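Here are a few exercises to work through with the model open in your viewer. Try each one before reading its solution.

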Amino acid sequence: MKLGQRLCWILALVCLAAFCAPAEAPSKDEPRVVQMHITQDPASLSLIGKTDLNSEIVGMRLTDALVQYDDKLVIRPLLAESWEFSESDKTITFKLRENVRWHDGEPVTSADVVFTIDKLREPETENLPWAPALDKLVRLEAPDEHTVVATYSEIKPDALDAWRTPILPEHIAGQDEDLFNGRFVEHPIGCGPFKFLHYIRGQEIVMEANDDYWGGRPEIDRLELKIFADQQTAYQAMMTGDLHIMVMAANLWQQARESEQAAAFEFTSYKKYSVYILGWNQLNNPFFGDARMRRALVLALDRESFIANVAGGMAHVGATTFPPSSDWVAPDVEPYGYDPDEARRLLEEVGWVDTDGDGVREKNGQRLAFTLMVPKSSQQLTSWIADWQQQSWVDIGADVTVDQLEWQTLRERRKERNFHVLAQTLQFTNPDMYDLYHSSATDRYNFWGNNDPEIDRLLDAVRYTFDPEQRLAAMHGVQRWLHDHEPVTAVFFFDAPLIYDKRLRGVRPSPLGYAASIHGPREWRWSDEAS
Amino acid sequence: MLRRIVSRLATGALTLLLVTLLVFGLIQLAPGDPLAVQDDGMERLSRADRAALAAYYGFDRPLSAQYASWLGRLLKGDLGTSIRDRRPVLEKIAERLPVTLSLNALALFLIVALSVPIGAAAALNPGSIADRWSATATYLLYAVPIFWAALLLQRLFAVRLGWLPLYGSGGVTGIPRFANMVLPVVCLTYGGLAYVSRFVRANLIESTRFETILSARARGLTRFTILVRHGFRLAAVPMLTLAGFLIPALFAGSVIVETVFQLPGLGWLFIDAAYQRDVPVLLGVTLISGTAALAGILFADLTYALADPRVRRG
Amino acid sequence: MAERPRRPAALNRGLALVLALGGVAALAPLWAQDPLRIDLGATLESPSGAHWLGTDALGRDLTARIAHGGRVSLSIGILTSLFSLAIGVPLGALAGYRGGWTDATVSRLIETIACVPSLLLAIALLAMSPALLRGIPDVLRVALVLAFAGWIPVARYMRGEFLRLKSAVMVEAARAAGASDLRIMVRHLLPSALAPVLVTASFAAASAILVEAALSFLGLGVQPPQPTWGGLLSDAREQIDRGWWLAVVPGLALYGAVLGFNLIGEGIRDLLDPRAT
């Protein structure tokens with residue numbers, strides 16, 4: 001009984017502690033606080049290590065890169081005031097902005113840039129977005145405090161893309177033996193528009209405006225990145241005012257628009273350069289080696305109807321993986337429509353006929369039975385798409401199994417070419433699709449076994465041509481080829497349904513997302529007046 | 001007596017070793033490369049990079065060597081580092097523990113605080129209306145799936161009535177605010193009522209059959225007084241053993257409850273690790289929960305052995 | 001409902017519940033629509049004559065999905081229970097009858113697996129998606145994973161029964177007559193232990209149905225487009241504003257099945273030993 005009594009006391013204290021926990025009630029005169037949604041904890045606060053989308057979002061607030069895209073995907077100067085791009089010498093010479101200071105007051109110099117790039121290229125850093133793109137970088141020099149010279153063995157027009165990597169302070173991050181376990185990740189110091197305040201895992205990352213930012217102090221005082229993995233919960237948070245800006249699932253966005261609180265929000269949707277694709281494995285199976293088969297299965301999908309009735313109109317049908325809203329797209333390449341009869345005709349032309357009347361076609365004793373491999377997702381829309389594709393193909397006489405796999409398993413299977421059809425999302429920042437289709441890119445992203453000298457030639461041209469007109473012509477050539485051969489189907493380009501508090505001004509979404517361009521929170525303003 | 005305790009502890013240690021072996025077996029089930037971490041765009045890490053990373057983590061060594069070094073590190077309290085953020089697993093578990101502990105402690109407390117009166121009322125007069133109704137009601141609650149209850153309670157109290165927060169810990173680190181814990185604790189509690197109150201009832205009825213109690217009854221004490229004075233004293237020990245068995249069940253419940261209510265506890269950490277296949281975290285939590293349950297069972301067994309005169313004699 | 005569930009009436013009620021749900025589910029292909037048929041022209045419809053409980057986001061009939069979800073839940077419950085019997089009965093019997101090292105080994109095994117919460121074990125197993133479970137139909141895979149921990153109570157019970165029974169006079173007599181161990185176990189001990197084992201089998205089915213629903217709810221169990229009760233409840237989270245029935249009907253079905261199997265277990269127990277509590 002003694003033990004029981006003690007237990008009661010402990011529990012009573014626990015309850016008391018829970019009651020008395022300090023409250024965090026924002027009042028009207030408090031600083032301008034903006035709460036923005038992110039979907040997960042960033043992999044780390046190292047900003048360059050193990051990067052994922054969320055660490056990029058955090059990194060762009062805390063520190064600057066040399067250059068960054070604007071909302072039209074044009075590269076703009078940031079820490080680099082200017083640069084000189086020499087095709088003949090295969091060099092880029094960056095001139096750094098002077099008088100930029102880290103949050104602790106130390107000056108930002110070219111040594112920090114060299115340090116960051118070296119660190120980034122160490123395998124332990126596991127930097128996925130930028131390190132591999134710097135593989136042709138052979139020398140990096142800092143002739144003076146504000147000049148950085150990068151020398152390549154081969155240079156391409158998109159070489160600046162990789163210089164969007166955030167720059168870290170050598171005098172702090174350089175002292176940590178392990179980047180993931182040191183002083184820096186505990187309290188990252190940058191030179192960006194916001195300064196790190198605190199991080200509660202699974203809940204929030206909080207930053208305050210940097211008074212000494214070289215580009216001028218941001219108008220909002222405090223930026224809180226709120227972590228909600230679950231869309232439904234984030235939706236409720238938005239409705240109760242605990243969040244000010246987020247990209248929502250289309251169905252919830254619709255629901256919010258029709259809700260009573262709708263007047264308090266701004267609703268826009270913007271086009272992202274991200275596409276939901278189907279990749280057809282042309283090897284290892286008797287199904288997709290023939291381009292007519294791939295086309296037949298695309299013709300069986302009523303994409304327009306799906307967009308209208310299920311995706312809330314928030315998507316566009318793609319003709320190829322080139323984003324329809326980009327300047328790269330070839331106007332004469334039209335997406336395939338919905339034509340199940342033509343699909344059936346094509347299947348029969350190739351030799352797939354239902355001879356035994358079981359509803360599934362056969363050819364040479366082989367049933368048309370294949371597997372659609374999709375990544376597991378918490379978003380309902382993803383599994384709706386899979387169900388819909390499966391049923392559409394069943395309707396034209398295929399036996400389709402959907403394999404919803406965890407991302408890691410899917411990557412393994414993809415690498416081993418152990419799949420029939422693969423569904424996943426891709427995002428682009430430039431028109432160089434070499435990795436996706438080139439016959440030499442089988443160790444990168446050409447999982448489909450695409451192998452054709454014609455497309456190789458066109459892809460090489462896009463990759464290494466500097467003349468804009470010639471390059472565009474090559475891109476159009478790529479698209480025509482892709483449309484004829486359909487190695488990958490660009491099923492949907494999704495719009496990002498954005499919802500934000502009416503009082504938040506200056507939101508400028510880019511094809512990379514509302515938070516992933518040069519604009520982002522540093523240009524946001526807060527206004528209590530009605531617009 | 002001492003021999004009994006020592007041998008129980010020895011089998012306990014053996015079981016603990018087997019639990020580590022079970023967990024280690026799970027690691028080996030993972031297909032392919034546990035290093036692969038989600039990237040949102042193109043896969044750009046080269047094979048050489050990946051091989052270097054595999055060597056760094058030691059996945060290329062033989063199984064027995066992996067197990068030996070893993071066990072050695074366990075003994076030093078090192079559960080490895082998360083594949084996702086490279087933070088020590090023990091640290092990740094430690095920072096989530098207060099949430100899970102406070103949820104489970106409150107639930108355990110509530111289960112006992114509610115079940116004892118219910119069980120006692122039933123034992124006071126077996127077969128009475130109170131006995132039958134409490135049995136039926138708790139029994140009906142027992143079969144209600146936790147996530148369904150959570151869904152309906154959230155709907156009612158958070159969305160419709162707005163009395164309680166829908167999710168989260170209320171913007172504080174560590175133990176969540178009280179209001180944020182009400183619904184999760186209710187969800188964890190109701191399922192245990194049937195079992196524990198029936199257990200209390202059975203033990204009270206059983207223990208009041210004893211001679212001392214019969215003689216007390218002969219002295220003219222009421223059944224209520226007998227229950228309070230003697231019954232509880234005798235039934236306390238078996239009830240204690242029950243706590244040991246409730247731990248695994250409660251923990252399984254908090255996996256669901258924490259996920260639905262977005263409470264940053266061990267259960268949520270576990271589910272996240274399962275979705276992302278963060279093997280060290282997944283197995284660290286499995287190991288910790290297994291060890292906690294084993295400790296509970298051992299504790300219960302030993303108390304039982306020490307306290308119960310019948311067992312002590314045997 | 002005020003009746004005590006321990007009466008043999010519990011058995012009747014349990015059987016009625018399970019048979020009713022099982023009948024509705026088993027006969028679903030005969031009366032319900034195709035739960036996979038997509039109709040993009042009829043998405044998110046309210047209940048009507050054509051769709052009693054309305055349609056989902058792809059225009060699939062929800063009545064059919066709930067009925068077919070029952071096929072998944074009930075078959076996983078029954079399969080898990082069968083697998084648990086197949087593992088637990090022989091292991092428990094051997095441990096109880098043989099004693100000594102056999103008993104020690106099996107007991108340690110039981111204790112080890114019992115330590116790890118079964119839901120965690122199932123999630124870990126499914127998350128790892130081991131090679132030997134790949135390529136098996138979902139229902140079978142989930143049942144196997146659940147049986148991995150599910151056999152524990154069965155084995156515990158069997159062990160106890162055999163421990164108790166092996167000293168019975170009948171066994172001594174058989175052994176004196178020169179019967180083999182196997183013969184004694186199968187011919188003499190099993191029949192008297194098997195009926196009570198049905199009690200644990202029934203509880204195993206109930207708990208398997210619950211855990212499967214939890215797994216599906218978390219997105220780790222039987223995969224779409226196959227409808228499951230847990231999956232339908234998970235969908236209902238995002239669409240609950242459309243109507244209460246989305247969350248209530250699949251939940252009630254699930255609840256009924258769990259309650260039904262529990263009642264059957266209780267009922268059989270009371271039938272065998274009316275004194276038991």
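**Exercise 1.** Which helices of chain C do the buried residues of helix 1 of chain C pack against?

Some ground rules come before the solution. This is a predicted model, where local features need pLDDT of at least 70, side-chain atom pairs count only at pLDDT 80 or more, and totals for chains, interfaces and linings use all residues. Residues are numbered from 1 along each chain as its sequence is written, while chains are lettered from A and ligands numbered from 1 in the order in which they are written.

*Solution.* Start by finding the helix: helix 1 of chain C covers residues 9–26 (helices are DSSP runs of H or I, at least four residues, and strands are E runs of at least two, numbered from the N terminus). Next, pick out its buried residues (20 or more other C-beta atoms within 10 Å of their own; exposed is 12 or fewer, partly exposed in between; C-beta atoms are placed from the backbone). Among them are C:Leu11, C:Arg13 and C:Leu17. Finally, look for their contacts (C-beta atoms, placed from the backbone, within 7 Å): they pack against helix 2 (28–31), helix 3 (62–98) and helix 10 (245–272) of chain C.

**Exercise 2.** Find out why helix 6 of chain A is largely enclosed by the rest of the structure.

*Solution.* Count first: 8 of the 9 residues in 231–239 are buried, so the helix is largely enclosed. Then check the cover, which includes strand 1 (33–38) of chain A and helix 9 (229–239) of chain C.

**Exercise 3.** Where is A:Leu73, and is it buried, partly exposed or exposed?

*Solution.* A:Leu73 sits in the loop between strand 2 and strand 3 of chain A. It has 17 C-beta neighbours inside 10 Å, so it counts as partly exposed. Its phi is positive, near 60°.

How values were computed: The expected span of a helix is 1.5 Å times one less than its number of residues. Two residues are in contact if their C-beta atoms, placed from the backbone, lie within 7 Å.
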